[in-house]
Amino acid sequence: MTALKLLQATLACLFAGVLLQGMLSLAQRRWPLLAAQRGVWLGAQLVLAGVFVLSCLPDSRQASVVPAIRVPAALAQPVPVAQLFAAEPAAPSPAGVPAAAAWLSWLAPGWLTVYVLGVAGVAWRRWRGRASVQALLALARPLDAAAHGDFAPAQLQQLRAQRIGVLEVDAPVSPMLLGVWRLRLLLPAHLAACTPEQRQLVIEHELTHARRRDPLIGWLAAQVQVLLWFNPAVRWMGGRLGWAQELGCDRQVLAGRPQCQRQQYAAALVRQLGLQQSWPAGLAFGGQRGGMAERIVRMRDTQARSLGWPARLAVAVVLCGVGAASVGLQPALAWTVAAPAASPAAAVPVRAEAWRNPLASMRVTGFFGVVRPITQRGLRGLDLAAKRGTPVFAVDDGIATVTQDDWLGKAVRIDHGGGLVSLYAHLDSVALADGAVVKAGEQIGAAGDTGRATGPHLHFQVRQDGRLQDPQKHLAGLDANASARALRMRKEQFGR
């Protein structure tokens, strides 16, 4: 089911990306100052990363408000290719997979392979980019900032406080700030052709990036882009984030400066754009060529403006709303499954009509009969992972009996007739009265850790005519929803 969950998470992330990109584009038309708000563009990328990661987690179903969709466990195993391209429609396979769903059994693991290769490819390209920057640094030489003459006293103090190294290189590049944890300011030798005022403004721009922690923010955004390489909206947001960082630095550097210094700053930008080559990493003063005209127009604007709180609130609501809806409105595919095909030696007899699960999200942590080191006794039922307060449901129709003792804590027994009884132990609370008639799927209580329990969970037992039975005879899909440790302990003790 890992591949199926990844496919579902990918679709949810793509859908959320389309929504966010469209809404943020409209918001930027309404509020042009949004372009300089780096928090908006970083937050949008983090929302998409959250949607993707939460959808991949084993317990993500608990955040969904959409009813579960029953998925055959056999979808986890590819159907023969010949069956997919059969000339005539095939009947449902013996494994229980409809012919129409057979494609899914190939698409999900296929996408898992493509996704892993994509992450590796993007990571490799970034490594190559870093290697080219290292080659550039190998050509650079250390520069004594104190003796250089272009650094103001406050700038020298910042260099010492943040331990920023200064380098000079004879290459047609723009001044840039490199690194994330160990920052280095790279200055091209051709910067000497600028006026002293222009040089100091350019240096101030790069040091402003350092004060604003822009390298760290850019690194975080780069990791999101590796994780979500398949989503074009993430790349678009990454470009907008880089643009916002440059506009934010421009605004801070020019705040309170006269028009003549603004003109010098713009002239330095035009000069750098004419000389620089493209390097794949670093916060370069030249920035993006395509937005030079807009950037120069903003430099000339001496009025201090900021995004108002209504706009900030609206954007925050959009980000939170799209993220929550993308997770909460996903159908849960991976928890309510049919029993997987088993070998004859490991086959467990299943009822013609299997019971419904006692928990909405099944996670088996201990199988029937397995001896646990903590008690040195065989488990008399199933242990199912559940947080305190998790709803517990009746597996079938019957008459309930409420009990409480030191060992099982609060418990409910349901007599299903014919001598068949199910028991739900260690409950935190009981939602029905003794002797109540219950229906399959009706909530009977909430999971807890009452009685002798090491932590919150549900202990589930089945008896036939007073004798304990393996609940796996009545519940479907337990192996598919079991922890690796539970499966390993059962195999060690029973060989299956």
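Modeller: On α6, the side turned away from the buried one carries Pro153, Ala154, Gln157, Arg160 and Ala161, which are exposed. Exposed means over 50% relative accessible area, buried under 20%, and partly exposed in between (1.4 Å probe, protein chains only). Helices (H or I, at least four residues) and strands (E, at least two) are DSSP runs, numbered from the N terminus. The model is predicted: local features need pLDDT of at least 70 and side-chain atom pairs pLDDT 80 or more, while totals for chains, interfaces and linings use all residues. Residues are numbered from 1 along each chain as its sequence is written, and side-chain values use heavy atoms, without hydrogens and water.

Colleague: Which residues of α6 are buried, and why do they line one face of the helix?

Modeller: An α-helix has 3.6 residues a turn, so residues three or four places apart point the same way. In α6 (residues 153-161) the buried residues are Gln155, Leu156, Gln158 and Leu159. They line one face because, seen down the axis of α6, they fall within an arc of 160 degrees, taken from the directions from the helix axis to the C-beta atoms. Their cover includes α5 (145-148), β2 (165-169) and α7 (196-211); contact here means heavy atoms within 4.5 Å. Just after α6, Arg163 has a positive phi of about 55 degrees.

Colleague: How is the packing of α2 and α12 described?

Modeller: Two packed helices are described by the angle between their axes and the distance between the axes. The axes of α2 and α12 come within 9 Å and cross at roughly 10 degrees; axes are lines fitted to C-alpha atoms over the stretch in contact, with angles from 0 to 180 degrees between N-to-C directions. The two helices are therefore roughly parallel, the term for angles under 35 degrees. Val40, Gly43, Ala44, Val47, Val51 and Leu54 of α2 meet Val315, Leu319, Gly323, Ser326 and Val327 of α12.

Colleague: Which residues have the most contacts inside the largest nonpolar core?

Modeller: A nonpolar core is a set of buried Ala, Val, Leu, Ile, Met, Phe, Trp, Tyr and Cys residues joined through side-chain atoms within 4.5 Å. The largest has 40 residues, and those with the most contacts inside it are Leu20, Leu24, Leu48, Phe52, Leu228, Phe230 and Met237. α1 gives the most to this core, with 11 residues.

Conventions
Angles under 35 degrees count as roughly parallel, over 145 as roughly antiparallel, 65 to 115 as roughly perpendicular and the rest as oblique.
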